Amino acid sequence: MRHLLLGLLLLLGSAAAARGQTPPEAYLSADTVAVGEHFTLTLHVERPATARLEVPTDSLLGDLYVLEGPLRYSRPLGGGRLRDSIVYVVTTFALDSARVPPLPLVLHTETERYRLTTPPLRVAVRSIVPPDAEDIRDLAPLVEFPAARWPWLAGTALLALLLGLAAYLWLRRRRSVVPPPPPPAPRPDPYRVALEQLAALEPLAAQTPVKPFYVALADVLRGYLEDRLALPARHLTTRELIAHLERYPSRHVAGLAVPIRQVLEAADLVKFAGRTYPPEYNRQVLAVTRTLIERLELSVRVGTSTPSDGSPMHAVRSGKS
């Protein structure tokens, strides 16, 4: 019922317009356009200055698509009337021709409502495909692109890194499990070495000259003192060595400083002064030296006391030539 009344009012309005209202006009800026080309649709409407004009919406333009607008311009005509120009910037994608249906415009006055209609329009549409264009070609075969090489390079670099890390860990672990070097061989017993060297000197005691005997004898005694008592006996003079022995912490060792000095001084006289001794004296000095080493060894091992009145050099002095 409502639509029927509205249609009746529009019909009455149209009839009223037919009596006093100039029909609206519609123009296109071109009679032939290309697909997608921009052109304009212009509507001209005359109306009372106090009336309000309702223009068509975009959805009513048929085959046209509105790009911009509507743009409205008004020009006074005199007598309280205006001439409105409504411009749409449009395009179309229709083939061959585009149709613009009659467009409704509604004019509102203070007391009435009129419906106006523009004449239909049509515009020719030309194709943008060149006349000599061929038909759509078949799909071209797929082009094979070379495989990317960076994944292989990255994988190779990662593999090399892992192998290097594994080699480093293997070498580190191998170094950590290398057995320690064997302990150094125990040093020979200074006491046993000294006795063996003294026994080897017995044939030299009866030979002439006697210097080789006393040189070797002094070396045996100094070597024992250095290896057993940790004294630099091989690098000290007789006086310096005796001074060290006299200050030795063990009184038993210090008590043997005098007879040791007598043996070394006897050897020094032969080595540096050319003194000679008979074979019997040389054997006595050899025996005294062996006794001194035995007492020193006994003092070091068990700390037994050494009698101060039992100096073995008494026998040496008694055999001096």
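Which strand and E8 pair in the antiparallel sense, and over how many bridges? Strand E4 (residues 52–54) pairs with E8 in this way, over 3 bridges. The views below show this pairing and other local features of a predicted model, in which local features need pLDDT of at least 70, side-chain atom pairs count only at pLDDT 80 or more, and totals for chains, interfaces and linings use all residues. Residues are numbered from 1 along each chain as its sequence is written, and side-chain values use heavy atoms, with hydrogens and water left out.

View 1. Strand E8 covers residues 104–108. Helices (H or I, at least four residues) and strands (E, at least two) are DSSP runs, numbered from the N terminus. Two strands pair if DSSP finds at least two bridges between them. Strand E9 (residues 113–117) runs antiparallel to E8 and is joined to E8 by 5 bridges. Here His 108 has Arg 113 as its bridge partner in E9. A hairpin of 4 linking residues connects E8 to E9.

**View 2. Side chains of strand E8.** E8 is mostly covered, with 5 of its 5 residues buried. Buried means under 20% relative accessible area, exposed means over 50%, and partly exposed lies in between (1.4 Å probe, protein chains only). Pro 104, Val 106 and His 108 point one way from the strand, while Leu 105 and Leu 107 point the other way. In a regular strand the side chains alternate between the two faces of the sheet.

View 3. Thr 118 lies in the loop between E9 and E10. Thr 118 counts as buried because its relative accessibility is 2%. Its side chain reaches the backbone nitrogen of Leu 103 at 2.9 Å. A polar contact is a pair of N or O atoms within 3.5 Å; within protein, one must be able to donate a hydrogen and the other to accept it, and residues adjacent in sequence count only if both atoms are side-chain atoms.

**View 4. The open sheet of 4 strands.** The strand order is E1-E3-E6-E5, and the pairing is antiparallel. Strand E1 (25–28) and strand E5 (64–76) are the edge strands, each pairing on one side only. From one strand to the next the twist averages 15°. Axes are lines fitted to C-alpha atoms, for helices over the stretch in contact, and angles run from 0 to 180 degrees between N-to-C directions. Strand E3 (residues 39–48) and strand E6 (residues 81–92) run antiparallel and are joined by 10 bridges. Pro 48 stands opposite Arg 81 in E6.

**View 5. The open sheet of 3 strands.** This sheet has the order E2-E10-E7, with mixed pairing. Its edge strands, each pairing on one side only, are strand E2 (32–34) and strand E7 (97–100). The twist averages 35° from one strand to the next. E2 and strand E10 (residues 121–126) run parallel, joined by 3 bridges. Opposite Val 33 stands Val 125 in E10.

**View 6. Two cis peptide bonds.** Gly 69 and Pro 70 are joined by a cis peptide bond with omega of about 5°. Pro 70 is found in strand E5. The bond from Thr 208 to Pro 209 is also cis, with omega near 0°. Pro 209 lies in the loop between helix H3 (190–201) and helix H4 (211–229).

View 7. Asp 96, which is not a glycine, has a positive phi of about 70°. Asp 96 lies in the loop between E6 and E7 and is exposed, with a relative accessible area of 64%. Ala 230 has phi near 60°, a positive value in a residue other than glycine. The loop between H4 and helix H5 (238–246) holds Ala 230, which is exposed at a relative accessible area of 68%.

**View 8. A nonpolar surface patch at Leu 161.** Leu 158, Leu 161 and Leu 162 form the patch, with about 310 Å² of accessible area together. Accessible areas come from the Shrake-Rupley method with a 1.4 Å probe; for residues, only the protein chains shown count as cover. Patches are made of residues with over 30% relative accessible area and no salt bridge: like charges are joined within 9 Å, nonpolar side chains (Val, Leu, Ile, Met, Phe, Trp, Tyr) within 5 Å. A salt bridge is a side-chain nitrogen of Lys or Arg within 4 Å of a carboxyl oxygen of Asp or Glu. Leu 161 lies in helix H2 (residues 150–176) and is exposed, with a relative accessible area of 58%.
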